[in-house]
Every structure is written in structure tokens, then in C-alpha cells.
Amino acid sequence: MSQSASTMGNEKIGSSRRKFLKSAVTLAGATIGYTWLKSSQILIFAAEPKDETLPWYGIAIDIEKCIGCGSCAKACKNENDVPKEPFFFRNWVEQYTVKNDGTVDIVSPNGGIDGFVQRVPDEDIFKSFFLPKMCNHCAKSPCEQVCPVGATFLSPEGVVLVDEKYCIGCRYCVQACPYGCRFIHPVKKVANKCTLCYHRLKKNLAPACMEVCPTGARMYGNLRDKQGPLVKFLKEHTTQVLRPNLNTGAKLYYNALSSEAR
Amino acid sequence: MKRYIPPQIPRLALAFAIVISLFLVLRHLLIPDTFGKYGPYRAASMDDYSTIEIHYAGQQACFECHQDIEDLKALDVHSGIHCETCHGPGQKHSTSAEAADILKPTGREFCGNCHMMNAARQKDAVLQVDLTKHNIGKNCTECHNPHQPWEMKK
């Protein structure tokens, strides 16, 4: 009686050990297979190696200095051949006017290119400010994550770009961007957005919007350079990104951003 | 005990092997060379961007031929404003030196873009005038030199 019970026990242990060994070998095999695939990139593409020698671009905008001239929005359209219709913008300026009754009036006539005419009389205004907007070049950009074909990506320099040859124009990224910084190019039928003037950066020229800003309200720079002007600016000012709650890793920092700004 | 393997298993395995290798070959042919070099995207598209032509030359380019104007500008309040902010893209003009390739802005609205009264404009960032009151009927440049605003023309 007890004998048979013990043999039954041995058998049980034996079969479960075999099962354990089997699954251990499968797991190990799968892991090795995975790493092999990964290194040879047959099926899985390597995660981005962050190259420390390249800059990691960030942007700062000083709202206190912005005079709402729209030069940045105009220059952006000229430099990047953005369609002139008043609803395609890579870069635009909004005017926020908080009225004494608590309501907020937001205008952006042709993105600010045509100039701002104050439309709320002085006595009704609690406060008013300009808010220049452009791509935040997020480190964890939602637009990049939703792209089904890998046509939009974060370059090793931290610039979010669109591969126009690869984009299928599905508009997912336009929907996904919480800052409204993308549109579908009416002629090319592919996604279009701020590239931080990547073609200019490569020639050591400032992005067009920064070149023409008359008051130095906009700046770009290398966030890795701890002695650089951008990091210095961030150190000396109280800056904030738009919609920090969305955790997009936005790299466009505003000085003096008011809580009404969306 | 020899395990019985049904004949359809090896046949199926062969079919699978063919389909999978076909898939891998097709995939290899369809995916562009540089895809996956840095991440799940075509690395060569960054080179495509580098070949786009610039339209704004940067103000250093203007000094080569217009140092006189820069010397004027440097003395006065508009010193921080680059040439192309007012004159528009100048890459074409920088190589052709033709007057037709560059903008010569005129009109009260042009100066007004920056100087018109607006509650959002910070007074210490830029002085503002009421366009409907400040010397109406005259072009700003009849009195102010755009490159040296306080050097009034007679």
C-alpha cells in the first residue's frame, strides 16, 4: 500500500521535473533566439542607441519677450514651402485675452502672419499675452507611437521628423498630436510638421523662426550641453511645458506660461 | 515505443517552412536598406532632409555686400533685428544680387505688425504707437529710417 504510494510519488516528481526542464530549455532557447534575431535585425529593429556625441535639441520660448509680430510664422512658411492657406501651419502665434469676467478669448488670425489687432477693449482685459506654438519635439511623442509604418520618428538628435517617402497619409499622427502641430500636406498628401528646420541645422544655420525673431524670444539649443545658452536659460527662468500631465516628454519650454494657456 | 507521426505533419512542416522563408525573403526585399539602423524607421530619410534648399540666408550673408546698412543698424534700437525679418527670404538675392529677388517692405501696417498698440505686447519689449493717431497719412519711413529708427529723416 505504502510502497505503491511512494512509487506513484516518484513518478509524479519525475514527470514534473521533466516538464520543468522542458520549459526551462524552451525559455532559454526563446531568449537566445530573440537576442539573435534582435542583433541580426531579421525581425525586430533595435531600439535607438542614444548617441552622446550628437546634440539633443530642446527649444525655449520667452513669452515675456514675444511681441506677436508673426515673423516666425511667416518665415516658417517661406522656408519650408508650407501651403499659404490659413489653416496649414508648422508654427503659429495665438493671442490669449483673459477678460475681467473670467472668459478667455483666443485668436490667431492667419497664424499671426497678418498681425494682431486687439479686439477686446483695454478696460475689459484682465490680462493678455501671446503664445507662439510649434512642434514640441517630444521625447516620448504620441505621434511617433501611433504611426503604423514607421514613417514618423525621433531622430538621434531629438527632432521628430516625417519620412515623406514612407508616409501613407493615414492621419493617425494628426489625431494623436495633443498640440495640434501636424497636418496633411494638401499636395503631397502626407503628414507635414515642424522639422526644427533640420536642413538648416545640418548647415549650422538657426531654424528660420529663430533667425527672424526680432526680440530673441525663441531659442533652440543642445540640452546635453550643460554650459550652453539653452540650459542656462532653463536654469535662470521658471519654465513649463504645455500639457505636462500628458507626459509626452515635450522639449519646448515656455518662460512665464500662464495657466490659461492650452 | 516508436511514436507515430501522421504523414500530414511533415508535409505541413514543409509547407510552413516554404511560406516562412518566402516571407523572410520578401520582407528582406521590401524593407529599405537603412530601415532599423537607429530605430524602426528609414535612416536615409534624414539625408533627404539635409538636401532641402534653404531660403533664408542668415544675416551674416547680407553683410558681405551691405555692411554699410549693418553699420547703421548696429547703432540703433533695431540692431537686434535681422535683415531677413523685414526683407523676407534672401538666399536667392544673396547669389543673384538682383533687386527683384528681395522684398522692400512698405506701409504703416508693416511697422505696425511690431509697433501697433496691443495689450499683449509688453511695453518694455517694444514701444508702441497708436496707428490711428501717430502721424496719420504718412508712411513711417518718411520720418524714421527703418535701419536706424531714431535717426529721423527731415
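Across the interface of chain A and chain B in this predicted model, 15 residue pairs are in polar contact, both residues of each pair being at pLDDT 80 or more. A polar contact is a pair of N or O atoms within 3.5 Å; within protein, one must be able to donate a hydrogen and the other to accept it, and residues adjacent in sequence count only if both atoms are side-chain atoms. On the side of chain A that touches chain B, the elements giving two or more residues are α2 (71–80), β4 (125–134), β5 (152–154), β6 (160–162), α5 (198–201) and α6 (208–212) of chain A. Of this side, α2(A) supplies the largest share, five residues. Helices (H or I, at least four residues) and strands (E, at least two) are DSSP runs, numbered from the N terminus.

By residue type, the side of chain A that touches chain B consists of 27 nonpolar, twelve polar and 16 charged residues. Here Ala, Val, Leu, Ile, Met, Phe, Trp, Tyr, Cys and Pro count as nonpolar, Asp, Glu, Lys and Arg as charged, and the others, Gly among them, as polar. In total, 55 residues from chain A and 42 residues from chain B take part in the contact, where contact means heavy atoms within 4.5 Å.

The size of an interface is often given as the accessible area lost when the parts come together. For chain A and chain B this buried area (the accessible area, with a 1.4 Å probe, that two parts lose on being put together, summed over both) is about 4,000 Å², 57% of it on carbon and sulfur atoms. The interface also holds two salt bridges, a salt bridge being a side-chain nitrogen of Lys or Arg within 4 Å of a carboxyl oxygen of Asp or Glu. D163(A) forms a salt bridge with R42(B), and their closest N and O atoms are 2.7 Å apart.

Chain B itself is divided into domain 1 (9–50), domain 2 (57–104) and domain 3 (105–154), with bounds that come from an automatic or database domain assignment. The centres of domain 2 and domain 3 of chain B, taken over C-alpha atoms, are separated by 20 Å. Between these two domains of chain B, about 940 Å² is buried, 59% of it on carbon and sulfur atoms.

Residues are numbered from 1 along each chain as its sequence is written, and chains are lettered from A and ligands numbered from 1 in the order in which they are written. In this predicted model, local features need pLDDT of at least 70 and side-chain atom pairs count only at pLDDT 80 or more, while totals for chains, interfaces and linings use all residues; side-chain values use heavy atoms, with hydrogens and water left out.
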